[in-house]
Amino acid sequence: MDKLQNKNQFIKVRVTQPEKEYILKNAEQLEMNISDYMRHVCLQYTLHKSKNQVQQLRLLASLSSNINQIARQVNTYKNTINKLHLLLCLMHFEEEITSIRKCI
């Protein structure tokens with residue numbers, strides 16, 4: 001559907017109190033208003049990621065890249081790798097992942 005179309009039609013739907021709370025909670029979690037949330041659910045519109053979700057995805061991509069770099073170093077320099085430095089890096093990643101989990 002064209003986003004520029006004038007949205008001047010209404011659909012009234014009766015729901016129970018728990019259903020209403022569920023809809024409101026889901027819309028809020030997705031940082032959407034009720035109309036956009038209902039369009040997404042009913043019309044299968046694609047979701048736009050919130051700024052917080054974009055930030056979390058960037059952080060995860062960065063962590064993933066760093067983990068791959070460490071794995072490459074470990075595989076290349078198995079005997080000479082500084083194991084203490086490796087452990088500290090992994091502990092840092094664990095902290096970052098824990099902070100991301102708290103946001104989700």
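Predicted model: local features only at pLDDT ≥ 70, side-chain atom pairs only at ≥ 80, totals over all residues.
**Overall make-up**

The secondary structure of the chain consists of four helices and zero strands, and along the sequence these elements follow the pattern α-α-α-α. Of the 104 residues of the chain, 12% count as buried, while the accessible surface comes to about 9,500 Å², with 55% of that area belonging to carbon and sulfur atoms. Among the contacts in the chain with a separation of 6 or more, 37% are accounted for by residues 24 or more positions apart.

| Helix | Residues | Residues making the contact |
|---|---|---|
| α1 | 17–29 | Ile23, Leu24, Asn26 and Ala27 |
| α2 | 34–43 | Ile34, Tyr37 and Met38 |

Helix α1 and helix α2 pack at an angle of about 95°, and their axes lie 9 Å apart. Because angles of 65 to 115 degrees count as roughly perpendicular, α1 is described as roughly perpendicular to α2. The contact joins Ile23, Leu24, Asn26 and Ala27 of α1 with Ile34, Tyr37 and Met38 of α2.

Leu84, Leu87, Leu88 and Met91 together make a nonpolar surface patch of about 390 Å². One of these residues, Met91, is found in helix α4, which spans residues 83–103. Met91 has a relative accessible area of 40% and is therefore partly exposed, since that term covers values between the limits of under 20% for buried and over 50% for exposed.

Definitions and conventions:
Residues numbered from 1 in each chain as written. Heavy atoms only, no water. Patch = residues over 30% accessible without salt bridge, like charges linked within 9 Å, V, L, I, M, F, W, Y side chains within 5 Å. Areas by Shrake-Rupley, 256 points an atom, 1.4 Å probe, with all protein chains shown as cover. Salt bridge = Lys/Arg side-chain N within 4 Å of Asp/Glu carboxyl O. Helix = DSSP H or I, 4+ residues; strand = E, 2+ residues; numbered from the N terminus. Buried < 20%, exposed > 50% of the residue type's maximum accessible area, 1.4 Å probe, protein only. Axes fitted to C-alpha atoms, helices over the stretch in contact; angles between N-to-C directions. Parallel < 35°, antiparallel > 145°, perpendicular 65-115°, else oblique. Contact = heavy atoms within 4.5 Å.
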